[in-house]
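Here are some notes to read alongside the model.

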Amino acid sequence: MVRRPWREGLGLAAIAYITVDYLRHVSPSWHKRLQPLLWSALALASVVRVPFYKHWSSELRSALLFIASLIFMLSAFLVEMLSVRFASVVLGLDWHRSAPPLPDTGQWFFLALNEKLPSFVVELLRARIIGLHHYIMLFLMLAFSVLFNSVKAPGLGLAARYMFTMAIARLLRTITFVSTILPSVRPWCASSRYRMPFHPHPWAQKYYVPYASDPDAINQLIRHDTLHENVGKYPGEYRPNWGEMNFLVDILRPTPSEGDSWFSLLKLAGGGCNDLLYSGHMVVAVLTAMAWTEAYGGWTSVLIWILVLHSGQREIRERHHYTVDCVVAIYVGILLWRISSFLWSARDTNRAKRLDKFDAVQGKLMQAVKDSDLDEVREILRTVELAGQGRHNTREWAIRAFAAVTIVSSLIMCLLAFLWTSDG
């Protein structure tokens, strides 16, 4: 197998990034010195390679798909944030304080391992080697590596597939966790993160609370399939005036101390304060590993999968998720990445059609040469030349502008992604 130029550099850059970032836990002073140098070197190397990149026309053809996937992903995140807030506050603070975590055999297993394994192994398993922002940055490095011919162009096409698959995964996750409210693995989370009413939402007051603990009431509900218990007396709900967004009051359930902006509530949603099946962090990790495995391969892909498993066991150890959340996230991420390949199969089909047309022109040209028909040869060449000149004249300026905008905006997005996700 012939190795592409610069190919091994991507794997080394990935290891360097993870290693330097881990220094924040080992030697903060060295981390503070080395991290800006590493990021400056990576950005400078990308900018230097831009003039030598030969696939800008391919990137331009993928631009619309990239933008559409970006909008789709951001919309999915908005829906998820609304749902996270709803699932966290619908039952009230008293429920969060009183609901015990579900029994989790995975947590028991890791506690049992702690008693058997050497202490240095346990410390290695507990170490925060890699987090959410690392996986995002690893994918950005993968997409940028098209500049060095480390992976197949176009990079925007790869990024579009990643974001499209991510959006589908987040929407499926939202449907899953909002369907059944599960108690948090950390019972203190709600009181430390949210300002929410102590009592349940009127919907929960009517449909859940009267039948939450009385077996006879549940039995009667099942038999007759109709409500029969009286709703208790609860304080009234606070209803701010959000104008056209008033329909969100019942979903976000604000309190007077949280201000008058509905959007400010979403920024406090975070990871939620009940269990969100399946793990969003693990989905990001799995999709990054799948992208590396398919586009790059090699020993670094194996290393990334090992880090994915390390992240999963740490999510369970630190009680961010139940074991089932991580297990489901792994196979959902793998399946969704495989399913999303249909878009790129269609793209490859279109490329094959263009190659067929080229072969047809080539066949005509060869036949004209065999027949010594110089007029036919000149006509075919003139047709091809005119078509090429037309595309070149109309797209050259657009491709140059597109290249500049893409590089600048991509570097800005990298910086923002690093800053916004550096805390996990």
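**Notes on the predicted model**

1. Of the chain's 424 residues, 42% count as buried (under 20% relative accessible area, with exposed meaning over 50% and partly exposed in between; 1.4 Å probe, protein chains only). This is a predicted model, in which local features need pLDDT of at least 70 and side-chain atom pairs count only at pLDDT 80 or more, while totals for chains, interfaces and linings use all residues. Residues are numbered from 1 along each chain as its sequence is written, and side-chain values use heavy atoms, with hydrogens and water left out.

2. The chain has 18 helices and zero strands (DSSP runs numbered from the N terminus: H or I of at least four residues for helices, E of at least two for strands). Among contacts with a separation of 6 or more, 79% come from residues 24 or more positions apart; contact means heavy atoms within 4.5 Å.

3. The unreviewed UniProt entry annotates "transmembrane region" at residues 64–87, 132–151, 284–308, 328–346 and 397–420; such annotations may be inferred rather than shown by experiment. In the model, residues 132–151 are 65% helix and 0% strand, with end C-alpha atoms 23 Å apart. Residues 284–308 are 88% helix and 0% strand, yet their end C-alpha atoms are 10 Å apart.

4. How do α7 and α14 cross? The axes of α7 (residues 132–144) and α14 (residues 280–295) come within 9 Å and cross at roughly 25° (lines fitted to C-alpha atoms over the stretch in contact, with angles from 0 to 180 degrees between N-to-C directions). That makes α7 roughly parallel to α14, a term for angles under 35 degrees. Leu 132, Tyr 135, Ile 136, Leu 138, Phe 139 and Leu 142 of α7 meet His 281, Val 284, Ala 285, Thr 288, Ala 291, Trp 292 and Ala 295 of α14. By class, this contact has 11 nonpolar, two polar and no charged residues (Ala, Val, Leu, Ile, Met, Phe, Trp, Tyr, Cys and Pro are nonpolar, Asp, Glu, Lys and Arg charged, and the others polar).

5. Gly 92 sits in helix α4 (residues 92–98) and is buried, at a relative accessible area of 0%. Beyond its neighbours within four places in sequence, Gly 92 contacts Met 196, Pro 197, Phe 198, His 199, Pro 200 and Arg 253. Its C-alpha atom is 9.8 Å from that of Arg 195, 103 residues away along the chain.

6. Ser 62, in helix α3 (residues 56–89), is buried too, with a relative accessible area of 10%. Apart from neighbours within four places in sequence, Ser 62 is in contact with Pro 154, Leu 156 and Gly 157.

How values were computed:
Parallel < 35°, antiparallel > 145°, perpendicular 65-115°, else oblique.
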